[in-house]
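The sequence and structure come first.

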Amino acid sequence: MDMKIFVDTDADIRLARRIRRDTVERGRDVLSVLEQYGRFVKPAFDDFILPSKKYADVIIPRGGDNHVAIDLIAQHIRTKLGQHDLCKLYPNVCVVQTTFQIRGMHTLIRDRDITTPDFVFYSDRLIRLVVEHGLGNLPFTEKQVVTPTGSIYSGVDFCKKLCGVSIVRSGESMENALRACCKGIKIGKILIHRVGDNGQQLIYNKLPSDIAERHVLLMDPVLGTGNSANQAIQLLRSTGVPEDHIMFLNLISAP
């Protein structure tokens with residue numbers, strides 16, 4: 001299920017609804033309704049329905065009368081429907097929202113007649129967008145600071161334990177964008193030699209000594225077969241980096 005919702009309605013309201021429905025629509029008397037409620041309905045609710053509350057993503061008090069909660073859920077569903085198809089299938093995939101500006105830059109770098117300086121310039125712009133988007137998905141902590149006017153500003157503090165790892169050679173083209181966004185960031189390197197279409201061999205790696213304690217931005221602008229990315233992720237995991245601390249930054253992916 002994409003979203004699990006528990007509607008938490010007061011027991012008195014539930015009983016009143018049942019009495020009204022069974023007496024008006026089903027022609028039963030109040031005593032038989034109450035007997036059934038006490039013998040079957042209430043025990044079944046306590047045994048099977050109420051325990052499921054702890055598994056809910058959202059708990060809605062007052063049911064259909066809670067318009068704020070319904071609006072929030074509807075907005076969440078609209079957001080999901082508007083996502084890239086890959087994001088619907090894989091919740092851990094984030095695709096930068098396409099604009100005419102982004103499509104224009106992709107058009108330029110895919111043009112076989114583009115000059116080398118223009119290719120580098122527009123590729124760097126796109127890579128910077130990918131890096132910024134990736135940084136925006138890192139964990140943060142709330143922080144308050146005092147402004148020059150003496151007032152309190154409630155903001156957030158960036159993730160401190162962070163490093164980059166580039167898959168040599170193409171991954172190195174993303175390093176400048178990461179350094180421009182994160183001053184003094186540590187960057188490691190992994191070199192994987194491809195043997196044929198499906199084979200690969202780890203040749204060299206140089207990683208920060210405390211990488212297991214950091215969030216890792218793994219960088220490779222072009223994703224072909226995925227073999228190099230898989231091997232790099234396996235290497236990071238073998239050094240103690242939790243999988244959910246690895247973010248793979250990619251500019252162009254094969255289907």
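## Nonpolar cores

The largest nonpolar core holds 21 residues, and those with the most contacts inside it are Val131, Leu135, Leu162, Leu178, Leu217 and Leu249. Five elements each supply at least two residues of this core: H5, helix H6 (116-135), helix H7 (175-181), strand S8 (215-219) and strand S10 (246-249). H6 gives the most, with five residues. A second, separate core has 14 residues, including Ile190, Ile192, Val216 and Leu236. Note that the model is predicted.

Leu162 shows how the packing is built. Leaving aside neighbours within four places in sequence, Leu162 contacts Leu135, Leu138, Cys182, Ile185, Arg214, His215 and Leu217. Two of these partners, Leu135 and Leu217, are also listed among the core residues with the most contacts.

His106 sits in helix H5 (residues 100-110). Is this residue buried or exposed? His106 counts as buried because its relative accessibility is 19%, and the cut-off for buried is under 20%. Residues up to four places away in sequence aside, His106 touches Leu126, Leu251 and Ile252.

## An open hairpin

Strand S3 (residues 141-146) lies largely in the open, because zero of its six residues are buried. S3 runs antiparallel to strand S4 (residues 152-157), and six bridges join the two. Within this pairing, Lys143 stands opposite Gly155 in S4. S3 and S4 form a hairpin with five residues between them. In the turn, Gly150 has a positive phi of about 90°.

## Cysteines

How many disulfides does a search of the whole structure find? The search finds zero. Cys159 is in no disulfide, and its nearest cysteine sulfur, that of Cys182, is 9.2 Å away. Cys181 is in no disulfide either; the nearest cysteine sulfur, again that of Cys182, is 6.0 Å away. The cut-off for a disulfide is sulfur atoms within 2.5 Å.

Their accessibility classes are as follows. Cys159 counts as buried because its relative accessibility is 18%. Cys181 counts as partly exposed because its value is 25%. Cys182, the cysteine named in both distances, is also a contact of Leu162.

| Residue | Relative accessibility | Class |
|---|---|---|
| His106 | 19% | buried |
| Cys159 | 18% | buried |
| Cys181 | 25% | partly exposed |
| Arg62 | 52% | exposed |

## Backbone exceptions

Two arginines deserve a look. Which bond joins Val168 and Arg169? A cis peptide bond does, with omega about 10°. Arg169 lies in the loop between strand S5 (162-168) and H7.

Arg62 is not a glycine, yet has a positive phi of about 70°. Arg62 lies in the loop between strand S2 (58-61) and helix H3 (67-81). Arg62 counts as exposed because its relative accessibility is 52%.

## Annotated segment

UniProt, in an unreviewed entry, lists residues 1-68 as "domain: Phosphoribulokinase/uridine kinase". In the model, this stretch is 53% helix and 12% strand. The C-alpha atoms at its ends are 22 Å apart.

Notes
Residues numbered from 1 in each chain as written. Predicted model: local features only at pLDDT ≥ 70, side-chain atom pairs only at ≥ 80, totals over all residues. Heavy atoms only, no water. Helix = DSSP H or I, 4+ residues; strand = E, 2+ residues; numbered from the N terminus. Buried < 20%, exposed > 50% of the residue type's maximum accessible area, 1.4 Å probe, protein only. Contact = heavy atoms within 4.5 Å. Pairing = 2+ DSSP bridges. UniProt positions renumbered as here; feature names shortened; annotations may be inferred. Core = buried A, V, L, I, M, F, W, Y, C linked by side-chain atoms within 4.5 Å.
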